[in-house]
Amino acid sequence: MKVNITETVLRDANQSLIATRMPFSEFEPILGTLDKAGYYSLECWGGATFDSCLRYLDEDPWERLRKIKAACPNTKLQMLLRGQNLLGYRHYPDDVVRLFVRKSVENGIDIIRIFDALNDITNIKTAVDETLRCGAVASGTICYTLSPIHNPETFVKLARQIESLGVQSICVKDMAGILTPKEGYDLVKALKENVKVPIAVHTHSTAGLGFMTLLECVKAGADIIDTAISCFSGGTSQPATETMVYSLRQYGYETGVSPKICKKINDYFKPYKTEVLNDGTLNPLVLGTQADVLHYQIPGGMLSNLVAQLKAQNALDRLDEVLAETPRVRKDLGYPPLVTPLSQMVGVQAASNVLAGERYKNVSTEIKNYIKGEYGKAPGEINPEVAEKILGGEKPVTGRFADTLEPEVEKAREYLGDTAESDEDVLSYIAFPAQAEAFFEKRGQKKKYTFKYDVKEIT
Ligand code: CO
């Protein structure tokens, strides 16, 4: 029996443990080894990597992708895409979504895992369609969550709808690490009985469930599991690759992943882990087991963001109150799954409700837009009193919000003119305007400097 392994060290492990601060130069020397490990795929792009490259690392995210592709020609490169939100926090019109998907594939992506934070499939259909047109693998995603309105039957129904879009696999995405071994087994079994495409399982070790859950999901027939090389595993990250490979083998499952090569990869990352622990980038808090998330349903990334946010405001002592407020905010919003961008939005709102001393005194534009329906259909009913307080007299939107948006690609091309050296630049600008412009500016200065230097050398 074969179980495929997706290694997440470059994307989700990096994002969940160290807020995606690992620069390309840090993992460049190990890429050739990662390519030989025998992974089904290497998750290396999307999620927060794009934003982090521009905002913090002074890297061109597209160039990062091309370099990874050049160094890993034999392993499928995988990215995570938030459907109509792409990698940002707002809805983009279809022309942007299509060009973004096309350029991602052209620059090296083989598999695009596409999700919508609200499980609203009208928000993933354009990205799925374009992925298929580009000849890449489209993996449709179910955002797993617990609530009075989510259960195995509703997830199976959703999986059937996603399958009908033509996806080549379906991923159960448990971003909060709350999927238990029993629930995982039952859900995967139900999915295997009702859909034909392979099932991938993505979870986090936050609550200590991850290893058991992956094992049970494999026993129920899961075809692909996500794991992280051991020194970047556990806690808010994924269960460890080597541990899963070792255990699965005893049950008769072959992963094709080489334990010897995993050892090399792990040895390579160990000194970097010590470095980020020492400089504070990796907070030891996120490495432990936090069974509290079973109650609060806080995804790994969200928990580390909340800790960072409260620390910056000198209010880390109020973490427990904010964690208790989070499920209340979620209920008010109609039980959205806590996944980016909803996880950040709900987290920030919960923190604001606690720190301001009054619920919904301060409300972000994003929360307001969500209540207006600009993110898609909320899974459940939004608390009418809260909606009234936030919207006042404003009317919510009806239908698919992206259909109301004007095309943006041509406008952005015109605006940028020569500043954009490629369509990739145009997309960086559309996704993160301020960060992209700052990046282009620095890039231009670097080029000028290099040019002057060259001239001096020649004369
Ligand atoms: Co994740």
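Predicted model: local features only at pLDDT ≥ 70, side-chain atom pairs only at ≥ 80, totals over all residues.
The model counts local features at pLDDT of at least 70 and side-chain atom pairs only at pLDDT 80 or more, while totals for chains, interfaces and linings use all residues. Residues are numbered from 1 along each chain as its sequence is written, and side-chain values use heavy atoms, without hydrogens and water.

Q: What makes E4 and E5 a pair of strands?
A: Two strands pair if DSSP finds at least two bridges between them. E4 (residues 111-114) and E5 (residues 137-143) have four bridges, in the parallel sense. Therefore they pair under the rule of at least two bridges. Ile114 stands opposite Gly140 in E5. Strands here are DSSP runs of E with at least two residues; helices are runs of H or I with at least four.

Q: In which order do the eight strands close into a barrel?
A: The order is E1-E2-E3-E4-E5-E6-E7-E8, with parallel pairing. Neighbouring strands of this sheet are turned by 30° against each other on average, direction ignored.

Q: Which strands does helix H6 lie across?
A: Helix H6 (residues 94-106) lies across E2 (41-46), E3 (76-81) and E4. Contact means heavy atoms within 4.5 Å. H6 runs at about 160° to E3. Axes are lines fitted to C-alpha atoms, for helices over the stretch in contact, and angles run from 0 to 180 degrees between N-to-C directions.

Q: Why is Tyr360 called buried?
A: Buried means under 20% relative accessible area, exposed over 50%, and partly exposed in between (1.4 Å probe, protein chains only). Tyr360 has 6%, so it counts as buried. Tyr360 lies in the loop between H16 (342-356) and H17 (365-372). Its phi is near 55°, a positive value in a residue other than glycine.

Q: What makes helix H20 mostly covered?
A: Eight of the nine residues of H20 (residues 423-431) are buried. Among them are Glu424, Asp425 and Tyr429.

Q: Which residues are closest to the centre of the second largest pocket?
A: Of the 15 lining residues, the closest are Leu118, Asn119, Leu158, Gln161 and Pro379.

Conventions:
1 Å grid on protein atoms, 1.4 Å probe; cavity = no way out; pocket = protein on both sides within 12 Å on 5 of 7 lines; lining within 4 Å.
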